Amino acid sequence: MDHSGHDHSTHMDHSGHGDMHSGHPGMGEGAPRCSMNMLFTWNTENLCIVFRQWHIHSTFSLVVSLLAIVALAAGYEALREGIRQYEAWTNKRVETTPRQNVAAVTKRAHAIKSVLYGIQNFYAFMIMLIFMTYNGWVMLACSLGAALGYFVFGSRTTATKETACH
């Protein structure tokens with residue numbers, strides 16, 4: 001079949017994939033790009049972590065980013081410990097509250113714990129997204145941060161997790 005009469009100007013240019021993989025739409029060929037790996041890699045060229053703006057440009061930015069990830073993961077363990085302490089404090093407070101006020105104290109504590117639970121889940125999923133760069137260095141930083149956070153903040157908790165993802 002002869003297709004010479006068809007208008008091919010509306011078809012996608014498959015030769016260079018346009019701006020599909022570039023860091024910013026409309027940027028030229030020499031512009032930095034964010035690569036998205038779906039397989040495990042140690043490669044840090046064109047590595048972006050969660051956001052386009054968190055782009056690894058050098059060894060120095062890689063090291064600073066890995067330290068930041070360690071701190072973020074350790075911070076998650078600090079948040080979990082803070083929530084456990086809040087729950088323990090709330091339970092003690094409920095025990096010492098007069099009976100007529102227990103319902104109000106419990107309701108308020110539950111509302112605050114719900115907000116803290118949402119924050120904790122958001123934090124956990126953000127760490128999961130960082131881990132899912134599939135970059136070995138980033139994955140090690142997440143795990144090292146979790147271990148460091150547990151070492152510093154988890155002395156009164158079991159090492160087993162209650163749920164699979166957070």
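The model is predicted, so local features need pLDDT of at least 70, side-chain atom pairs count only at pLDDT 80 or more, and totals for chains, interfaces and linings use all residues. Residues are numbered from 1 along each chain as its sequence is written, and side-chain values use heavy atoms, with hydrogens and water left out.

**Aromatic pairs**

- Rings of Phe, Tyr and Trp (its six-membered ring) pair if their centres lie within 6.5 Å; planes under 30 degrees apart are stacked, over 60 edge-to-face, and the rest tilted.
- The count by this rule is four aromatic pairs.
- Trp42 and Trp137 make an edge-to-face pair, at 4.8 Å centre to centre and 70 degrees between the planes.
- This pair links distant parts of the chain, 95 residues apart: Trp42 sits in the segment before H1, Trp137 in helix H3 (residues 136-153).
- Helices are DSSP runs (H or I, at least four residues), numbered from the N terminus.
- Trp42 is partly exposed at 42% relative accessibility, and Trp137 is partly exposed at 40%.
- Buried means under 20% relative accessible area, exposed over 50%, and partly exposed in between (1.4 Å probe, protein chains only).
- Tyr86 and Trp89 make a tilted pair, with 6.0 Å centre to centre and 35 degrees between the planes.
- Both lie in helix H1, three residues apart, about one turn of the helix.
- Tyr86 counts as buried because its relative accessibility is 18%.
- Trp89 has 49%, so Trp89 counts as partly exposed.
- Phe40, Trp42 and Trp137 form one aromatic cluster.

**Positive phi**

- Asn46 is not glycine, yet its phi is positive, near 60 degrees.
- Asn46 lies in the segment before helix H1 (59-96).
- Val50 also has a positive phi, near 65 degrees.
- Val50 lies in the segment before H1.

Terms used
Helix = DSSP H or I, 4+ residues; strand = E, 2+ residues; numbered from the N terminus.
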